[in-house]
Amino acid sequence: MSKRKIGTLVFLAPAVVLVTVFVYMFLAQSIHMSFTNLRFGRVATWIGLGNYIRMFTRDAAFQTSLLNTLKLTAVFIGLTIPLGLFLAILLDLGVKAKGLFRTIFLIPLSFSFVASSVMWVWAFLPETGTINTILRAIGLSSLAQPWISSGSQSLLSVALVYIWQFSGFATLVYYTGISSVDPAIIEAAGIDGASTWRKYWHIVIPQLKPATVTVLILTLMYSLKCFDLVWMMTGGGPGYSSEVLATFMYKVTFSQSKFGYGASIGVVLLLLSVVVVAAFMIYMKRGERD
Amino acid sequence: MTDSPIRFRASRVAVYALLILMTVLYLLPLYGLINTSFKTSEDIANGPIAPASSLYLGAYKAAASSLGRPLLNSAIVVVGATLFSTILGAMAGYVFSKFRFRGSEILFFLVILGFYLPYQAILIPLVRFMGTIHLFNTYFGLILTHTAYGVPITTLLFRNYYATIPNELLESASVDGCSFFSAFRRIMLPLSLPGFAVVGIFQFANVWNDYLFGLTLTQGVNAQPVTVAVANLRGTMTAVWNVQMAGAFLSSLPIILIYIFLLKLVVKGLLMGSVKG
Amino acid sequence: MHRRFIRMALLGLFLLASLGIACAAADGYSDQLVIYHWWTAGGERLAIDSIFEIFEAAYPNIEVVENPISGGGGGTMRAQIKTMIMAGNPPDTFQVCGGKGMLASYMSVLEPVDDLWDESFPVPDAIKEAVTVDGHQWGIPINVMRCNMLFYNEHIIDELDIDLPFATLDDFYAACETIKDAGYIPLAHGVGAGATYWWQLMYDSILLAVPSGGSEYLMSLYAGTADPATDPAIREALEVLKMLAENYINADYAARTDDMANNLVVNGEAAFWQSGTWGKGFFTSKGAVPLVDFGSMAFPGTTEYYMCHSDCFVLPKGVNHPEAARAWLEIFKTPGAEMGFCAAHGSTVIRTDIPLGGFDEMAQQFIEEYRDPSLTVVASPWGGPPEAYLSLMPAALSAFGEHLDVDRGVQDLADAYADLFE
């Protein structure tokens, strides 16, 4: 075998073996569980697609969780990407103490969800919380919201916390991308009389496609699977207003002891991710062909 | 520091003002945390906004006494898992970015997909497997688990990163007679510094903040990570906020220090990259 | 070259170290007790520690591998237990709320402990009955906690000269009006951070108080034989909740955690707070003095009922250390363990042979209520119904708290109930 083939094998083997065992082997067992009505402490019987039929036809809570997951994903991606890009550009504009700001923006990422959830539960309190108190103090009391105490805003409030936690990393990825742009091209544009705005919009940003893809895939992962913050901040409530697929799966599996049904929800969550990832892979491939 | 070639036309004050505003917004939630960590139990009843009556250190002492061993555990697991998942990701990412072979697209897709696996769905097979290979409640068991679930994302990040390195570099190397391995060692690795640092930051955060695997795969305090220990600083039917907040703050300090260190590497790497001939 | 070799060597050493440290077994112990519970901090922590002291003194050769897991009112711990049992690695013993429904949910993976229920364990029949399913006992309890209670701020009650206890809900409403007029919040409430079971506690207590409700109805509800879609008690209780939510409960209850709700009473901003007897610990941890700053009484309209559950430990099937597990259960039964535990935990002792001497006045009051034969013992939402009750039903109630539409509330509860007992 050529050195190249050996090299490819050696370099791929560890990663592929690990993923095969820890992802696909375990997944197979979970998929098998999803075709049964396994409950804790009981013997399971095969029910084929019974769980899947039930979730889409009879389970309103499941349908709400699915919708909420999609909503959360949209909000999270829709705000994190522009925010990360915006901050990266600000940093790129020749500010001193860039390192300090970059560290500060990453600090939210250093907090575990236990700490973040407590911080934000307090910040979001309608009467005495930090946010509303400050809004009232600076005369913007009309902007004070019920946040997580209301069913209409609970999901959005949780989304805000995820954005807070993760956008610093998006900033970092974008900043790295911006710094990799060849300075010569920008010099040339400057000589041609392009304004700062134009330079960014027409030269730098198009080169950020790989960075955007990276950020997108990461944010998609977080938002589709998100469990910890939602669980600790609202528990899915009030009612099912902030229930997402991951929290619903947890409740069904562990609080209601329906392991078979819970596994099927997990499979649906994974399938949802497959569709999205496949879409992006195709987009990436097309981008590279240009 | 890299000086941007885009000359500064916008008002410098405006940019600084915006950055400071963002800083305040990012750090605002910390106020409640830090404030409460210095409160006595009586103070806590006054609510999260009211400032602590004094710099009471009892909460920090109590938290520190419970977090000693868990901090060590987390450190060992994080370093091990980050090292392994980063190295394996760099290796696999190199192959996927530079070498096409039959099925490489599908294989890459399947590896990335692991990233989206909802972990609650595989807890039972995971615990069973760890028991079978006698790695339940061990450091190596946790490291192996985190490595396996970190590989999909590190592979993706490195693959995207290496894709930005022009193929001509490798082609000229192979003309010079460089083998697969030495091409990786001599050309790709030196250019990987920012990649390693960025991936490192992500993985450190991921593994350090993990709660689910730490809870599921450890028993007792010997291998328990700091996230589980901090979560246990609250009672189930009582809340001991000040100790909990002190613990949360203490447990985030090491990771912030690592960020500062790794960010320096990012900058260094970017500098190296921009000076390429 | 040189540097790389050093780096590889360090890596290798690190690997060995991590393998080594992890595999190091405990020395000097001949046996192990792998135990799970949720008493992670505060008074609860001190309580379980006192029993560990007794255990370790009696069995110095057994290593106690303790796994306290906080969160979800015990739910997180139970989730971990289920994972381990289903993966074939059961812990030697774990904590559970004692009650027929809860124990029935776990029965198939437990061993009965009938033989431990002998003369050395003098406990009233009602408590024994609560852990009995299919003629066998499935757990060893250590305490009892009354759930249908109402705590109040003594100073506000004295100031407004309010008559306690409340024989009916109407008396309660009248008092709330007085309190509201004086500028205080009548009823503090907090279900934040996912702790919606506080809604269930209030609702089930109300079910005892409403005309069509009562202990027999509640028992039928927990047993699965009720019909929430048509039973009048369900509707009446929702009307009461609506009355309370619209007029007397703080508006931010959905964001406030239980601890923050308790703060309102401690600070003198609110008069009442509904909690089981464990609520005493919330007050005392903030420096409030029982019967001086705060007091307790039965929930309005439920004075003749003693709605309660116990904390129990159980014996799973196929454990790795059966002798250690049994040793633990034996220690758990003893008067010394019970006294030390309950004094720190704030719950009520169950053994009939324990004197009142070692407890403060409020705790003594609790014990006297427990020993009062005229009260009807009723199961609580924590032990009575199957485990999933506390996951399915509160969601309907927390949604109700927002829309306050009784018809919708009845429908949601009926749907959740059907899901629970299908």
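This is a predicted model: local features need pLDDT of at least 70, side-chain atom pairs count only at pLDDT 80 or more; totals for chains, interfaces and linings use all residues.
View 1. Let us start inside a single chain. Where they meet, ten residues of domain 1 of chain B are in contact with seven residues of domain 2 of chain B.

**View 2. Where domain 1 of chain B touches domain 2 of chain B.** About 850 Å² is buried between the two domains, with 73% of that area on carbon and sulfur atoms. No salt bridges are found across this interface between domain 1 and domain 2 of chain B, while two residue pairs are in polar contact there. On the domain 1 side, helix 1 (12–37) and helix 2 (41–44) of chain B each supply at least two residues. Helix 1 of chain B gives the most, with four residues. As you look over this side of domain 1 of chain B, you will find five nonpolar residues, four polar ones and one charged one.

**View 3. Chain A meets chain B.** Now we move on to a pair of chains. Here 103 residues of chain A are in contact with 100 residues of chain B. The area buried between chain A and chain B is about 9200 Å², and carbon and sulfur atoms give 79% of it. Which residues of chain A lose the most area to chain B? They are A:Phe11, A:Phe22 and A:Trp122, which together make up 9% of what the chain A side buries.

**View 4. The chain A side of the interface with chain B.** Between chain A and chain B there are zero salt bridges, but twelve residue pairs are in polar contact. Helix 1 of chain A, residues 3–34, brings the largest share of the side that touches chain B, namely 21 residues. Sorted by kind, the residues of this side of chain A comprise 71 nonpolar, 22 polar and ten charged.

**View 5. Chain A meets chain C.** The next partner of chain A is chain C. In this interface, 33 residues of chain A are in contact with 29 residues of chain C. Together chain A and chain C bury about 2400 Å², of which 58% is on carbon and sulfur atoms. On the chain A side, A:Phe40, A:Phe254 and A:Gln256 lose the most area to chain C, together 24% of what that side buries.

View 6. How many salt bridges cross the interface of chain A and chain C? There are five. A salt bridge to look for joins the side chains of A:Lys258 and C:Asp419, with 3.0 Å from N to O. Eleven residue pairs are also in polar contact between chain A and chain C.

**View 7. The helices of chain A that face chain C.** Helix 5 (113–124), helix 11 (228–233) and helix 12 (245–255) of chain A each supply at least two residues of the side that touches chain C. Helix 12 of chain A gives the most to this side, with four residues. The residues of chain A that touch chain C divide into 15 nonpolar, twelve polar and six charged.

Technical notes. Residues are numbered from 1 along each chain as its sequence is written. Chains are lettered from A and ligands numbered from 1 in the order in which they are written. Side-chain values use heavy atoms; hydrogens and water are left out. Contact means heavy atoms within 4.5 Å. Buried area is the accessible area (1.4 Å probe) that two parts lose on being put together, summed over both. A salt bridge is a side-chain nitrogen of Lys or Arg within 4 Å of a carboxyl oxygen of Asp or Glu. A polar contact is a pair of N or O atoms within 3.5 Å; within protein, one must be able to donate a hydrogen and the other to accept it, and residues adjacent in sequence count only if both atoms are side-chain atoms. Ala, Val, Leu, Ile, Met, Phe, Trp, Tyr, Cys and Pro count as nonpolar, Asp, Glu, Lys and Arg as charged, and the others, Gly among them, as polar.
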